Amino acid sequence: MSAHLDACLAMVRDSDLGRNYFQDEGRLTGIIGEGLLKGEIRIACTAENPCAGFIWFTGAGMFYGFPYIKLLAVNPACRSDGIGSFLLQYVEDLLRQRQARKVFLTVAEFNLRAKRLYERLGYGEVALISDLYIAGYAEHVMMKQLDEVPRPKDLLSEVGHAIA
């Protein structure tokens with residue numbers, strides 16, 4: 001599969017999302033393995049950490065026509081270092097190049113830190129769906145318009161992160 005599989009699994013396991021949604025280790029391995037095999041997962045690398053975080057997105061995953069960010073996870077040692085923002089901005093720029101006008105994601109109601117990040121980066125809530133993935137948990141469906149001008153490419157290199 002990928003040299004990054006174990007690191008990706010560890011990031012998800014060590015998160016509120018992993019503890020609440022992915023208690024079945026085999027299921028988690030299968031899900032992350034699928035994303036890696038499809039080439040839909042991008043890994044953020046730093047000088048200190050070859051797998052600082054990852055983002056999984058698909059081009060037509062929401063309503064069969066809009067890009068959808070399936071999963072974003074950051075290595076606990078790299079949280080608050082801008083890795084999540086970097087990954088989201090990388091994917092948004094890539095989607096703009098592909099002429100996408102909107103991108104969607106869902107965030108669990110208990111994942112307040114992630115929801116604040118998404119809101120800070122311009123995502124707005126469009127719906128709240130109870131029991132979407134697991135009974136007892138509601139999901140905020142969020143969307144961002146992508147018609148603003150893409151950031152200069154050199155800005156990505158200034159933050160000191162790279163994509164594998």
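Start with the largest pocket, which holds about 1,000 Å³ of space. Keep in mind that this is a predicted model.

**Stop 1: the pocket centre.** Select L17, L72, N111, A114 and Y118. Of the 42 residues lining the largest pocket, these are the closest to its centre.

Next, colour the lining of the largest pocket by residue type. Expect 24 nonpolar residues, 7 polar and 11 charged.

Zoom in on L132. Where is L132 found? Look at the loop between β5 (124-130) and β6 (138-145). Show the surface around this residue. L132 has a relative accessible area of 36%, so it counts as partly exposed: the range lies between the buried limit of under 20% and the exposed limit of over 50%.

**Stop 2: the whole chain.** Zoom out and switch to a cartoon view. How many helices and strands are in the protein chain? Count 6 helices and 7 strands. Trace the elements from the N terminus: they run α-α-α-β-β-β-α-β-α-β-β-α-β.

Finish by colouring the protein chain by accessible area. Of its 164 residues, 48% count as buried.

Terms used. Residues are numbered from 1 along each chain as its sequence is written. This is a predicted model: local features need pLDDT of at least 70, side-chain atom pairs count only at pLDDT 80 or more; totals for chains, interfaces and linings use all residues. Side-chain values use heavy atoms; hydrogens and water are left out. On a 1 Å grid over the protein atoms alone, a cavity is a set of points where a 1.4 Å probe fits but cannot get out, and a pocket is an open set with protein on both sides within 12 Å along at least five of seven lines; lining residues have an atom within 4 Å of a point. Grid points are joined across faces, edges and corners, and a volume is the space filled by probe spheres set on the points. Ala, Val, Leu, Ile, Met, Phe, Trp, Tyr, Cys and Pro count as nonpolar, Asp, Glu, Lys and Arg as charged, and the others, Gly among them, as polar. Helices (H or I, at least four residues) and strands (E, at least two) are DSSP runs, numbered from the N terminus. Buried means under 20% relative accessible area, exposed over 50%, partly exposed in between (1.4 Å probe, protein chains only).
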